[in-house]
Structure formats: structure tokens, C-alpha cells
Amino acid sequence: MSDDIQELVATSDKDRYLSSLFAPQEKREYLFALYAFNIEIARISDSVSEPHIGLVRQQWWLDSIDGIYAGNTPDHPVAQALAKTIAFADLPKHSLSNLVIAREFDLYDDAMPSLNDLEGYLGETSSSIIQMASLILGVNVPQATGLAGVAIGIAKILRSGRKSLLPADMVQKLGEVETINQLRAHARKRLAEARVVDIPPNALPAFLPASLTELYLKTQMVSQLRRQFTLWQAARRNRF
């Protein structure tokens, strides 16, 4: 495994990096590769000044995904690592492509139309990453990954203060403050629903980031030590 890939995840996605350390050592490199790919896609919107530039970069990744599955992986460290992960875990091509396509929304200032649309967006991004991480760990629990991804996804959105992702129909009807309160309640509901599903112990590292949902819902400012302790507690209890 490239040290650069591990370092990218450790610095840009600390929660998933720490969660990966609870996975078997021989599978960590594949988790890091998946998370590095997610970082590359998620940060496109923050690194471009115009949407069309972001679309070009996203298209490069869509073409790269096609190339990987066709046996022609581009000379890019994350793409090379992702190709090994795809081969190891037989990750579905549509999940990777749909994640890139869903992130097109981030390039524009459009408001999220509804809660249903928000859940769809999170399903293709946050939930999809948990699902593919679970496959790397040898488990397929789609219902739980969908619910957990929505829960932690909403919590991260509220923590970020990104108002464009607040469902526009809810804001128009309830106002911004009450919409945020409703989203908090919805995230807690989805987390509770996910926890009801029986998760095999070996899949837990994929779900551990969702254990931070309640912490992120309560406050925007969370120390690194508090996050690490919460993840450690969840891993010790074998429950996210």
C-alpha cells in the first residue's frame, strides 16, 4: 500500500481512517483506497472556481472507472489503489460511478428540493461508502448501510452548516431552525433503525463512523480526542 494513500485518508478523513484501524490489517489498504477515492471526488467542488471545470474532473474519474473495469487503469495513485480494491472485493461499478454523478450537485448552488432527494443524495454518497467498505470486509448488509449512511450524512451536513443541502420544501414550510430540528430527529431515527439490523462483527469498522452521529448532532465543535474516544467506545461495545 502506498504511504501517500494512507496519509491522504489520515489527514483528510480522520474518522474513517481511525475506524479502519479496527479492521484486519490485511484489509486496511483496501479501505484506505476506497476512502481516498471518496476524498478525491468530494473535494472537487472545493477546488474549482466554475462548475464546468468540476464536471471535467468528474468525467475524468468516470472514464477512469470505466478504464479500471476494462483492464486499463490510469497512472494515478488513487486510481491504481482503487483498481486493486475493486479486484479484491468485486466492488460494483455502478456504485462508484453513481457516487461521482451524485457529487455533481455539489458543483452548483441549487437547493436540495426535498428530504427524499437528500436521502437519495446521501444514499449514493455516504451510504454507498459504508456499503462498499462492508463488501471489502466480506459482508453485505444493504439495509443497514443505507440507514447508517443517511444518519451520519445528515449529522455531517448540519455540522458543516451547508444550508444548500437543507430540504427547500421543509425550509419553506417550517423555517430554517425547525427544519434543522426535524433533520436532527430524522438522523436519530435512521440511526436507531440501522442499529436494529443485525450487523456481523467483522463489518463493524465500516459502520464505526456512524457512531459519531449523536456527537455531531449535539455540537459543531468536537475535539479530536472526543471523536477518537467515541469511536473506541463503539468498537469496544461492538456496536456503532
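A pocket, as the word is used here, is an open set of grid points with protein on both sides within 12 Å along at least five of seven lines, and its lining residues are those that have an atom within 4 Å of a point. By that definition, the second largest pocket of this predicted model is lined by Arg195, Ser211, Glu214, Leu215, Lys218, Arg226, Thr230, Gln233 and Arg237.

**Overall fold**

**Packing and surface**

- Of the 240 residues of the protein, 50% count as buried.
- Among contacts in the protein with a separation of 6 or more, 70% are accounted for by residues 24 or more positions apart.
- The protein exposes about 11,400 Å², and carbon and sulfur atoms supply 49% of that area.

**The largest pocket**

- The largest pocket holds about 810 Å³ of space, and of the 28 residues that line this pocket, the closest to its centre are Arg16, Ala42, Arg103, Lys156 and Ser160.
- At least two residues of this lining are supplied by each of helix H2 (14-20), helix H3 (25-42), helix H4 (44-47), helix H8 (115-136) and helix H9 (142-160), with the largest share, 6 residues, coming from H9.
- Sorted by class, the lining of the largest pocket divides into 9 nonpolar, 7 polar and 12 charged residues.

**The second largest pocket**

- The second largest pocket has a volume of about 190 Å³, and its lining includes Arg195 and Ser211 as well as Glu214, Leu215 and Lys218.
- Helix H13 (213-218) and helix H14 (224-237) each supply at least two residues of the lining of the second largest pocket, and H14 gives the most, with 4 residues.
- By class, this second lining has 1 nonpolar, 3 polar and 5 charged residues.

Terms used
Residues numbered from 1 in each chain as written. Predicted model: local features only at pLDDT ≥ 70, side-chain atom pairs only at ≥ 80, totals over all residues. Heavy atoms only, no water. 1 Å grid on protein atoms, 1.4 Å probe; cavity = no way out; pocket = protein on both sides within 12 Å on 5 of 7 lines; lining within 4 Å. Points joined across faces, edges and corners; volume = space filled by probe spheres on them. Nonpolar A, V, L, I, M, F, W, Y, C, P; charged D, E, K, R; others polar. Buried < 20%, exposed > 50% of the residue type's maximum accessible area, 1.4 Å probe, protein only. Contact = heavy atoms within 4.5 Å. Areas by Shrake-Rupley, 256 points an atom, 1.4 Å probe, with all protein chains shown as cover.
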